[in-house]
Amino acid sequence: MAAAKPNALISVYDKSGIEEFAKELDALGWNIYASGGTATKIKEAGIPVTDVAELAGGGAILGHRVVTLSREVFAGILADTGSPNSKHESVDRKELQELGIPVIDLVCVDMYPLEEEIAKPGVKEKDVIEKTDIGGPTMLRAAAKSRRIVLSVAEQRPEVIAWLKADKPNEEEFLHQLAARAEYESARYILASAQYLNGTHMSGYVARKFAPTKYGENPYQADAGLYADNRIAVDTLGLDQFQHVQGMDLSFINETDIDCLVNTATHIAAGFQKNFTEVPALAVGVKHGNACGAAVGKTLPEAVKKMLEGDTRAIFGGVVIVNGEIDKEVATLLRSHAMPEGQKRLLDGVIGSSVSDEALEILNRAKLRLVVNPALANLSERSLDTSRKVRPVRGGVLEQPNYSFVFDLKADYVESFGKVSEAQKRDLILGWAIGSTSNSNTITLIKDGMLIGNGVGQQDRVGAGQLALSRTTIELPKVETKGDKLVITVTLDKKKVEGAVAYSDSFFPFPDGPQILADAGIKAVLTSLNTDKHREILQGLADQGVGVLAGPDPTVRGFAKH
């Protein structure tokens, strides 16, 4: 006696290519059931198909909102047919036979485009309701539970056909993978609906492993990687949009560095566009989550040179981003500029909008990672990340709006103390873009469009100023013993520091912090203030010839990465 033909149920919103899938199933000897529009599409292609309404005992009702949600359909999907954990096979099969219900062995379903509908500007709730699928996710979950052959996305169709033709190798593992994807797609879909209904009172994120890394921040943190699944209003500067074109696989720290670089680069672009109506050529180098080199210029080579000159030691082993093509000149500068004769600079990675063949060859010899993203060529204020910022903490997550504030030097909230030149304003905005994307507390020193010292992650403003100044030199400090004291002497290059500007990511509570900067020759400061006492401190700087621009701390404070 010939074995009964297996049964497939197909019900898809997006019907493109569904005829080819149905044709392959038919050729493999499957009976095909399909819902209304899907059945019509398959029938028009000359493929035998039974409308699922016949199985359900009636046609679609309530304006096609109820089609597959029937006892007969779900009995065929949920019946125990002999899985490895089977408990009810003989009973279930007998009951289905008595009821005349076929076992459904394969379920191919997609869902109404709910996320696309929610993403539409000004969408009305009635339209969201109309695009909220109930039968789709319910069938997917039922099929996943029963370990049927369940297809939840169109890309699985060729894979499933190939697997069937190969006589179902590694069946249990394959079905587990299909079930996992079906549950994932359902969870993503339902979470989108919940977040639409409840806004920021509900947090959640569903993503798949997009780019595995060898390990996390440390070798013992195995099983790590970048998780992403962006389908609607895709962020062109999302990490999943960067293409790794050369060098070793990206590490976990490479991914975090790229994120930091994009954050700082987009803030530079936004700050310059808002304040000076143009986005300059820019180059940023990062180590351990903070900028250790950054510069702007009229050309990309000029920006790269200045970025490297700012701190030739810290950039060693760093990752660099530029807002243009990595060509032969840029690649050569990255390897050799400001290096001792005959030596080449070691970098971990370089990122640009594109890369020339000559640059590929130059950087290939360095064995560094090379990454491109065309969106880097068109940075602007619109490039800032406006998605909500989520940080996992023990027992939950912290969530807040993103770092989307852009300091506007022409705004009514800005108070002036002394004089600040136009050139100094450009440097102050560069300092703001770097300092407000670095670990707080931060004081950032800029001169002639170049980062010369970034004092990050300090517990007090005096320490941040001291660190920023000490970062302007690569000379080793001199340590001397004088009696019961150790004296550490740091020698700075007066020519490099004098005339520079400083950005402070929050107000100076006491005069000691800004006084260190004034004593070192800093000539302009951008900061915040809260009280008249703060105004007195800033006026004291102005009386010493240091121009100051400040805004109210609740509006302009630049804390980050706590």
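Biologist: Leaving aside its neighbours within four places in sequence, which residues is R208 in contact with?

Modeller: This is a predicted model. In it, R208 touches E155, R181, Y184, L226, Y227, A228 and D229, with neighbours within four places in sequence left aside. Contact means heavy atoms within 4.5 Å. R208 itself lies in strand β6, residues 208-213.

Biologist: Why is R208 called partly exposed?

Modeller: Buried means under 20% relative accessible area, and exposed means over 50%. R208 has 36%, so it falls in between and is partly exposed.

Biologist: What separates the C-alpha atoms of R208 and N230?

Modeller: The separation is 9.8 Å, while the two residues are 22 apart along the chain.

Biologist: Why is S356 called buried?

Modeller: The relative accessible area of S356 is 15%. The cut-off for buried is under 20%, so S356 qualifies. S356 sits in the loop between β14 (354-355) and α14 (357-364). Beyond its neighbours within four places in sequence, S356 contacts E325, I326, D327 and K328.

Biologist: What is worth noting about phi at D223 and at A233?

Modeller: Most residues other than glycine have a negative phi. D223 is not a glycine, yet its phi is positive, about 60°. A233 is not a glycine either, and its phi is about 50°.

Biologist: Which peptide bond is cis, with omega near -10°?

Modeller: The bond from S440 to N441. Most peptide bonds are trans. N441 is in the loop between α15 (422-435) and β19.

Biologist: Which residues of helix α1 are buried, and how do you know that they share a side?

Modeller: I18, F21, A22 and L25 are the buried residues of α1, residues 18-27. They cover an arc of only 95° around the axis, so they lie on the same side of α1. On the other side, E20, K23 and A27 are exposed. The buried residues pack against several elements, including β1 (7-11), β2 (31-34) and α2 (36-44). Just after α1, G29 has a positive phi of about 90°.

Biologist: What puts the buried residues of α18 on the same side?

Modeller: In α18, residues 512-519, the buried residues include G513, P514, L517 and A518. Their arc is only 135° around the axis, which puts them on the same side of α18. The buried residues of α18 pack against β19 (443-447), α16 (461-470), β23 (501-504) and α19 (532-543). Just after α18, G521 has a positive phi of about 100°.

Biologist: Now the whole chain. How many helices and strands are there?

Modeller: There are 20 helices and 25 strands.

Biologist: Why is the chain called more spread out than a compact globule?

Modeller: The globule rule gives 24 Å for 562 residues. The radius of gyration is 31 Å, well over that value, so the chain is more spread out than a compact globule. Its C-alpha atoms fill a box of roughly 100 × 55 × 50 Å along the principal axes.

Biologist: What share of the residues count as buried?

Modeller: Of the 562 residues, 49%.

How values were computed
Residues numbered from 1 in each chain as written. Predicted model: local features only at pLDDT ≥ 70, side-chain atom pairs only at ≥ 80, totals over all residues. Heavy atoms only, no water. Helix = DSSP H or I, 4+ residues; strand = E, 2+ residues; numbered from the N terminus. Rg over C-alpha atoms; globule rule 2.2 N^0.38 Å. Buried < 20%, exposed > 50% of the residue type's maximum accessible area, 1.4 Å probe, protein only. Arc of directions from axis to C-beta.
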